[in-house]
Amino acid sequence: MGLDTQLLKGTTPLLVLTVIGDGELYGYEIAQRIRESSGGAFAPSEGSLYPALHRLEADGALTAVWRASDRGPRRRYYRLTPKGHSLLVENRDRFAAFIAGVRGVTAGLTDV
Amino acid sequence: MSDPRADRDAYLDQVAGRLRLPDEEATDVLDELRSHLAESAAGLISEGLTPEQAQRESIARLGNPGDLADGIRTARQTRRRLLAAAGAGVIAATSGLFWGWLFAAALTTLAGVVATILISLGLQILQLSSPGWQPATDLLSIPFALFVPGYAAHRMVGAISARSGRPVTTIQRPLALVGAGVLAIAFVFLVRSDLNPVKVFTALLIPVGFAGGAMLARDGSSARLRRLPGRWVVAIFVIATLAITAFAAATLEINPTGEYTVDDGVARIGAPALEVLGDGWLEQSSTGLGFTSGVDLTPTPPNLLDGWRDLRLEAWPVVDRVGPIDVLGDEPAVAAPMARDEFGSYAAELDVGTAKVQRWYVIATTGIAPNGSRYLLTGPDGPVPSRPWTGTVWEYLTTP
């Protein structure tokens, strides 16, 4: 099932922060993880992934380092900063509240 | 069949064209995207796609290159970056002032060399006895009025664009308008200085130079100055050459005809008084021949001027400050009566006044002899200039 682009765009930072978690991932790997862990339901446009990564980095939520790759060009690995961890918790709570709200409303609609 | 690598490079070139980030950051972004495309293509090949299909698909997944570049650039536009852009703009403008000055100085120096050669060859480019060339030195400031603010604005636009990641076209017009406006207010309404038509023209050129420099900036990752239109450089070079020729000729006081006659001027001021004075003579001391002239006459013997009346210190307008003295008109522009002091000397001072266009005068003393005719006693000396007109450009333009 395809998801609305705007909805997906709004959740991309949360998805990015979540899949990186305590690890260190590069752009393509992040996109793959999101796709795989959502069972293919979330396939963020790779074109929107990089602006999201760079915005999070500019906001201080992510830090990036270059590392050599044995399979081609060097890779840029992203890691959460303490601010990124806080942002992840905050976004996760906010999203949970949002989902709960939506669920409450849609459940009510189903009853009708 | 297309070359996968060429497709990828073409895509990255399009991203680079829209990225407008400092070189180092742009290189990092492009390297990251190149790495992504390589990884993505490798993954798709392992799923069974051909290298061409895999490259095409990986490019398609990244989407429109312009949108991607805009997205990344916008994501990196933080307040800190905008402040850095403003700071970079100020620094670039400061260096632009220096480079603009240097360019204008080089232009005028080159023009000076050409002018000196022309003068040494005896070529009089300007007719020195004609009025109007006097502000030649002021003409030399025209290249500076254009290039100094022009370079500053040009480099400022480039630096702000490169640092902020915004296209030059979104920066240059507002900067040109605001900068030219501020300069116009400053140089037209606020700055007070000695003015003449050339200086007024030069002051008005300063905001024009700034706006022109800003509008000549083109998109690019660096703040290099693009080629200036050749015709402007040539025109300014010619103006500078003519100005320096006139200036040099005036400084050298070259008299093209080899003559220096006062006959015509003296005839109009009054006949020489030597025969009337007989065996006596007049000793003249001048208290400065600047904007205000004063003269002190001491007759020998002291009764030499007895019977004379209406002794005057007169200022006669002349065509030019060098060359043959040619007084204008049949009356002095300004005259002051000479009063006799207790020691028998005659003294007077006069002020030739202020003029919007600088005028020149010769100073003479005259008097009416017992025979009823006016005679030239001393002079003509000088020439002396009118006092410069001081004020703002606006006052200059609106004062009759």
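Colleague: Let's start between the chains. Which residues in H3(A) and H4(B) meet?

Modeller: On the H3(A) side you have Gly47(A), Ser48(A), Tyr50(A), Pro51(A), His54(A), Arg55(A) and Ala58(A). They meet Asp67(B), Leu68(B), Gly71(B), Ile72(B), Thr74(B) and Ala75(B) in H4(B). Keep in mind that this is a predicted model.

Colleague: Zooming out, how many residues does each chain put into the contact?

Modeller: Chain B contributes 20 residues and chain A contributes 17 residues.

Colleague: Which helices of chain B supply at least two residues each on the side that touches chain A?

Modeller: H2, H3 and H4 of chain B, where H2 runs over 23-46 and H4 over 65-75. H2(B) gives the most, with nine residues.

Colleague: What does that side of chain B look like by class?

Modeller: There are six nonpolar, seven polar and seven charged residues on the side of chain B that touches chain A.

Colleague: OK, now inside chain B. How do H1(B) and H3(B) pack?

Modeller: H1 covers residues 4-19 and H3 covers residues 51-62 of chain B; their axes are 9 Å apart, at an angle of about 15°. That angle makes H1(B) roughly parallel to H3(B). The crossing of H1(B) past H3(B) is right-handed.

Colleague: Which residues meet there, between H1(B) and H3(B)?

Modeller: From H1(B), Pro4(B), Asp7(B), Arg8(B) and Tyr11(B). From H3(B), they meet Pro51(B), Glu52(B), Gln55(B), Arg56(B) and Ile59(B). By class, the contact of H1(B) with H3(B) has four nonpolar, one polar and four charged residues.

Colleague: What about Asp310(B), what's its phi?

Modeller: Asp310(B) has a positive phi of about 50°, although it is not a glycine. You'll find Asp310(B) in strand E5 of chain B.

Colleague: Is Asp310(B) buried or exposed?

Modeller: Exposed, because Asp310(B) has 11 other C-beta atoms within 10 Å, and the cut-off for exposed is 12 or fewer.

Colleague: Last bit, the overall make-up. How many helices and strands are in chain B?

Modeller: Chain B comes to 13 helices and 12 strands. Of its 400 residues, 38% are buried. For contacts in chain B with a separation of 6 or more, 74% come from residues 24 or more positions apart.

Colleague: And what's the pattern of chain A along the sequence?

Modeller: Chain A reads α-β-α-α-β-β-α, which comes to four helices and three strands.

Colleague: What share of chain A counts as buried?

Modeller: 28% of the 112 residues of chain A. As for contacts in chain A between residues at least 6 apart in sequence, 48% join residues at least 24 apart.

Colleague: Great, thanks.

Technical notes
Residues numbered from 1 in each chain as written. Chains lettered and ligands numbered in written order. Predicted model: local features only at pLDDT ≥ 70, side-chain atom pairs only at ≥ 80, totals over all residues. Axes fitted to C-alpha atoms, helices over the stretch in contact; angles between N-to-C directions. Parallel < 35°, antiparallel > 145°, perpendicular 65-115°, else oblique. Left-handed = near helix turned anticlockwise from the far one by under 90°. Contact = placed C-beta atoms within 7 Å. Nonpolar A, V, L, I, M, F, W, Y, C, P; charged D, E, K, R; others polar. Buried ≥ 20, exposed ≤ 12 C-beta atoms within 10 Å, placed from the backbone.
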